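Hi,

Here's the model I promised to pass on.

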Amino acid sequence: MIKIAINDKDSLFSSADFHRLKPKDTLYPNFWQNNDLNTIVSRKLMKIADQIIDSMDIDVDIDDIIITGSIASYNWHDLSDIDLHILFDFTKIDENYDLVKKMLDQSRINWNKTHNIIIDGKEVELYFQDTNEEHMSKGIWSLMKEKWIKEPKTEEVDIDLNTTEKKAESISKSIEHVAELYKDSKYEEAYEYSSKIKEKISRMRTTGLSKEGVYSPENLAFKMLRNANLLHKLSSLKIQAYDKLMSVTLESKSKIDFNKTWKDYLK
């Protein structure tokens with residue numbers, strides 16, 4: 001049984017936000033038929049992954065190509081993306097794991113910015129995942145093996161939406177404060193505070209997943225913020241504040257006296 005306890009008074013989030021957090025009775029019907037991935041969807045995603053791998057010219061063995069996240073579980077909703085993960089051993093590229101991860105993260109960001117591939121209203125979101133990385137998800141489908149690596153299951157969960165809402169609203173107000181700092185041209189403060197908030201969100205979600213899983217208030221708060229585009233807003237504010245900090249406007253030393261004629265300047 002799902003226990004719902006929310007207080008709608010002065011809430012920054014709509015009832016639709018809360019509805020998206022509830023697990024469904026079935027998998028996303030347009031993708032999953034008899035518990036198998038729709039053949040058209042499977043072939044299209046494999047083609048996308050193959051082209052990404054070819055374009056990056058990565059000389060390593062790909063261990064698997066999977067889809068995961070809410071679209072591969074019972075907690076899908078209208079805003080769910082298709083999380084497409086390409087798995088391989090990062091150290092096979094270079095022993096410096098952190099350097100490789102940073103490079104791949106940037107490649108992922110660039111690809112996701114450049115492309116807007118939609119399958120049945122769901123956007124394809126690319127990820128590179130190290131084979132040895134622990135991945136917490138309710139469902140994992142292998143495109144290469146054409147089977148579940150981790151089959152999702154329906155379950156009875158207690159969703160503490162009251163705590164979830166409080167956590168999400170607290171962070172959303174912090175993001176609004178960053179926006180105010182930026183508006184007041186306090187770019188250094190905006191940049192530093194946005195960085196602090198992003199670290200806090202990351203710690204919050206990691207802690208929630210490790211302790212209570214995907215239905216923890218911390219992870220659900222993260223999803224509410226993401227669905228409301230507040231995480232995107234925070235990232236944009238951080239980038240804009242940084243750009244303003246690094247920008248310089250120089251006054252021209254050459255000033256024209258319009259009381260003079262052009263002939264005076266040519267003397």
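Tyr-191 sits in helix α5 (residues 187-212); helices here are DSSP runs of H or I, at least four residues long, numbered from the N terminus. Before going on: this is a predicted model, where local features need pLDDT of at least 70 and side-chain atom pairs count only at pLDDT 80 or more, while totals for chains, interfaces and linings use all residues. Residues are numbered from 1 along each chain as its sequence is written, and side-chain values use heavy atoms, leaving out hydrogens and water.

Back to Tyr-191: its relative accessible area is 27%, so it counts as partly exposed (buried is under 20%, exposed over 50%, partly exposed in between, with a 1.4 Å probe and protein chains only). Setting aside neighbours within four places in sequence, Tyr-191 contacts Lys-238, Ala-241, Tyr-242 and Leu-245, contact meaning heavy atoms within 4.5 Å. Tyr-191 and Ala-241 lie 50 residues apart in sequence, yet their C-alpha atoms are 5.4 Å apart.

Ala-241 also turns up where α4 meets α7. The axes of α4 (residues 161-183) and α7 (residues 230-246) come within 10 Å and cross at roughly 25°, the axes being lines fitted to C-alpha atoms over the stretch in contact, with angles from 0 to 180 degrees between N-to-C directions. The two are therefore roughly parallel (angles under 35 degrees).

Then there's α6 (residues 217-227): ten of its eleven residues are buried, so the helix is largely enclosed by the rest of the structure. Among the buried ones are Pro-217, Phe-222 and Asn-227. Just after α6, Asn-229 has a positive phi of about 65°.

Cheers

Methods
Angles under 35 degrees count as roughly parallel, over 145 as roughly antiparallel, 65 to 115 as roughly perpendicular and the rest as oblique.
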